[in-house]
Amino acid sequence: LPVIREHFPNPTETERKILWARANPWFGQRMSLMNQSAGGWLPYSQRTDAMFEKIDAWGWLPGRLGATEKERTAGMKSVGDYYLPLFARYEVSPVADAALRAAVADCRAAGVPVALVYLPESAAFRAFMPPAAQKLADDYLAKIRTELDVPLIDGRGWVSDDYLPDGFHLTQDGAAEFTKKLQPAIAATFPTLGGTP
């Protein structure tokens, strides 16, 4: 509850929803239950079973093997429909800013080194963000890095766009390529951890 009260934009409403879901779990968890037991009964837009249908008994989700040009085009259109309106009214929320600062402070209090990481994005996905929104994001990132003294690992352009079927989710080959580049970047960022670049 303290985390909700400190970091949620409307903590009273969030607490009310949590209490309602706990008092009536069959209703509160109905979408999860439906997805896991009878996903085919739901409209496609409400289905999440595709996210866990390939998970093995150990909890491993292998990820996407690849995508055709047609699938990449459809993926980018779907992502654009969702993100373009969000980027058009992009802002840095004071609540999110406070949460980020608290997370960094908690990590440091526990002795955990902290860095910020930009994950891979395709050129088309990066182009969704208008210049004004990109400037706002860049200025905020520079401010946070300076004020919190955190390094940045920028992996946005580390893999081919072919490995990003929807602009930001990696295929299996893309994930392997990204991981090969991330390990030495972490070792270089935190040389005292004993990693070998």
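Predicted model: local features only at pLDDT ≥ 70, side-chain atom pairs only at ≥ 80, totals over all residues.
Local features were considered at pLDDT of at least 70 and side-chain atom pairs at pLDDT 80 or more, whereas totals for chains, interfaces and linings use all residues. Residues are numbered from 1 along each chain as its sequence is written, and side-chain values use heavy atoms, with hydrogens and water left out.

Helices (H or I, at least four residues) and strands (E, at least two) are DSSP runs, numbered from the N terminus. D166 is buried and yet has no salt bridge; R64, the nearest side chain of opposite charge, is 6.0 Å away. Here buried means under 20% relative accessible area, exposed over 50%, and partly exposed in between, with a 1.4 Å probe and protein chains only. For charge, Lys and Arg count as positive and Asp and Glu as negative, while His and the chain ends are not counted; a salt bridge requires a side-chain nitrogen of Lys or Arg within 4 Å of a carboxyl oxygen of Asp or Glu. A polar atom of the D166 side chain does lie 3.2 Å from the backbone nitrogen of F168. Such a polar contact is a pair of N or O atoms within 3.5 Å; within protein, one must be able to donate a hydrogen and the other to accept it, and residues adjacent in sequence count only if both atoms are side-chain atoms. Not counting residues up to four places away in sequence, D166 touches G75, M76, V79 and F125, contact meaning heavy atoms within 4.5 Å.

T171 is found in the loop between β2 and α9 too, and counts as buried at 2% relative accessibility. A polar atom of the T171 side chain lies 3.1 Å from the backbone nitrogen of G174. Leaving aside neighbours within four places in sequence, the contacts of T171 are R64, L65, G66, D162, Y163 and P165. In helix α9 itself lies D173, which is partly exposed with a relative accessible area of 48%.

At the start of α6, a side-chain oxygen of S93 comes within 3.1 Å of the backbone nitrogen of V95, and just after the helix G111 takes a positive phi of about 80°.

Turning to the rings, the structure holds nine aromatic pairs. The rings of Y82 and Y83 have centres 4.9 Å apart and planes at 80°, so this pair is edge-to-face. Rings of Phe, Tyr and Trp (its six-membered ring) pair if their centres lie within 6.5 Å, with planes under 30 degrees apart counted as stacked, over 60 as edge-to-face and the rest as tilted. Y82 counts as exposed at 53% relative accessibility, whereas Y83 is partly exposed at 22%. F125 and F128 are likewise edge-to-face, with ring centres 5.8 Å apart and planes at 70°. F125 is buried at 6% relative accessibility, and F128 is buried at 16%. Y82, Y83, F87, F125, F128 and F168 form one aromatic cluster.
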